[in-house]
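Please open the model in a viewer and keep the sequence at hand.

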Amino acid sequence: MKLQRMNRRALALGALAVSGALALTACGSDETGNPDGGSSNAAAPSNIKCDDASGQVLSDGSSAQKNAVDAWVKQFSAACQVEINYKAGGSGAGVTAFTQGQVPWAGSDSALKPDEVAASKKICSGGQGIDLPMVGGPIAVGYNVPGVDKLVLDSATIAKIFDSKITKWNDPAIAKLNPDAKLPDLKIQAFHRSDESGTTDNFTKYLIATAKKDFPYEGGKAWQAKGGQSAPQSSGVAAQVKQTAGAIGYFELSYAKDGIKTVAIDTGAAKPVDATVENATKAISEAKVVGTGKDLALELNYGTKAEGAYPMVLVTYEIACDKGNKAETLPAVKAFLRYAASEDGQKILAENDYAPMPEEIITKVRETVESLS
C-alpha cells in the first residue's frame, strides 16, 4: 500500500510539471493555476514580487482580455499564494461590479465615463477609479463563407453589412473589393454582442470615425444597429461564426481560432491590412493619453492610414482605486497588476495574440500601479 501511495504521488507531481509547462498554451481556460504545486513554480517567472499577497481575489469585466488574464493568472498563482478568479462577464458587468464594490479591480475595453468615476468615489475611500491600459489588440472581423479564403472589406462596407444594408455575400460592393474571389449567392448572417461590451464600443467607434454616413449611430457598449443576430461575449460570437455558413462577427483576435478566417481592411493604405498583433501595435503607438491625474485613458486613432497599421483596435483597461483600496485585497491586486504590467507580463500578451502596450504608455502604468494605496 505504501508503494502504491508513493507511485500515485509521483504521478501527481508529474502531472503538475506538465501543467506548468503548458500554462501559456491553455488559452481560454478557466483554471487559475496551482499556487501550491512545486513543479508549477518552475514555470513561473522568478522575479514576480508577491509582497504580502494572499487569499482569493474576485474580478469581472472584459471577455476580450480573458485569454490574457488566464495566462497571467497561471504564472502569478504559480509564484504567489493567491487565487485570482476573473469572471469575464463583459466590460459593462465589470464596471458595474467595481463601482458597486463587489470586486477590487475590473477589466474594461472602454475607459470610465464621468458618471462611473463619480460612482467609484463611493467605494474608493478618498480616491476614485482610474484606467490602467494593460492589454491591446486588434478587433478581428471573422467570417465563414465557403470557398472564400481571403476577404477584403473597407469600413463603409463593414458598416453596411452590420446595419443590414448589405445582405448577400455576392453584393457588388463586396465583389468590387474582392475581384478574384468566388463570392456565393449566400445570405449574410451578421453576429453582434448581446451583452454590454467594450469590444462593441470600440468596433462602433471605428465605424463612426471612418464611415459615419453608413453607420449613423451614437455607439457605446450596447449594440444599436438594425438587424443581425446576437450572442453573449466574444467567445459566443466566435462560436456562432465558426458554426454558421454565411456568418460574420467581431471579436478580439485571440478568439479567431480553429479555422476562423479574418477580414483584411482596406484603410486607404497601399495594401489591405491584416488583423495581426504587430499591425495592431503600430496603430496603438499613435494613441494619446487623455486621462487626468493618475488616470491613463487613451485616445486611439481609428482613422489611421499608415502602412501596416490595423485601425480596428481596442485597449483593455484594468480599473482600480487610486486611493482607498480595501486593506484585505490591496496587496494581491497591486502584486497582480504589477506583474501584468511587467516586461514578463507584457511579453505573454504577444504569445497569446494580444498587443503589448507601447513602452511610453506601460512605463506610466508601472509607476501608477506602485502608487496604489
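With which residue does D195 form a salt bridge, and how far apart are the closest N and O atoms? Select D195 and R193: the two form a salt bridge, and their closest N and O atoms are 2.8 Å apart. Please note that the model is predicted.

Is D195 buried or exposed? D195 counts as buried because its relative accessibility is 17%, and buried means under 20%. R193 also counts as buried, with a relative accessibility of 2%.

**Further salt bridges**

The structure holds 12 salt bridges. Select next D163 and K165, whose side chains meet in a salt bridge with an N to O distance of 3.3 Å. D163 is buried, at a relative accessible area of 5%, whereas K165 is partly exposed, at 45%.

Now move to helix α3, which spans residues 66-79. Select K66 and D70 in this helix; they are 4 residues apart, about one turn of the helix. Their side chains meet in a salt bridge of 3.3 Å, N to O, and both residues are buried.

Then select D51, R338 and E370 together: salt bridges link these residues in a network.

**The loop around S110**

Where does S110 lie? Select the loop between strand β3 (105-108) and helix α5 (114-120), and S110 will be found there. S110 counts as buried because its relative accessible area is 4%, and the limit for buried is under 20%.

Show the side chains of S110 and D201, which are joined by a polar contact of 2.5 Å. Leaving out residues up to four places away in sequence, S110 touches D131, G198, D201, N202, K221 and Y317.

In soluble globular proteins, nonpolar side chains tend to be buried together. For the last stop, select W72, F203 and I248. Within the largest nonpolar core, which has 111 residues, these three touch the most other members. Which helix supplies the largest share of this core? Helix α11 (residues 330-341) does, with 9 residues.

Finally, centre the view on I248 and display its surroundings. Apart from neighbours within four places in sequence, the residues in contact with I248 include V141, G142 and Y143, together with L153, I161, F162 and W169. Also in contact with I248 are I188, Q189, A190, F191 and V241.

Definitions and conventions. Residues are numbered from 1 along each chain as its sequence is written. This is a predicted model: local features need pLDDT of at least 70, side-chain atom pairs count only at pLDDT 80 or more; totals for chains, interfaces and linings use all residues. Side-chain values use heavy atoms; hydrogens and water are left out. A nonpolar core is a set of buried Ala, Val, Leu, Ile, Met, Phe, Trp, Tyr and Cys residues joined through side-chain atoms within 4.5 Å. Buried means under 20% relative accessible area, exposed over 50%, partly exposed in between (1.4 Å probe, protein chains only). Helices (H or I, at least four residues) and strands (E, at least two) are DSSP runs, numbered from the N terminus. Contact means heavy atoms within 4.5 Å. A salt bridge is a side-chain nitrogen of Lys or Arg within 4 Å of a carboxyl oxygen of Asp or Glu. A polar contact is a pair of N or O atoms within 3.5 Å; within protein, one must be able to donate a hydrogen and the other to accept it, and residues adjacent in sequence count only if both atoms are side-chain atoms.
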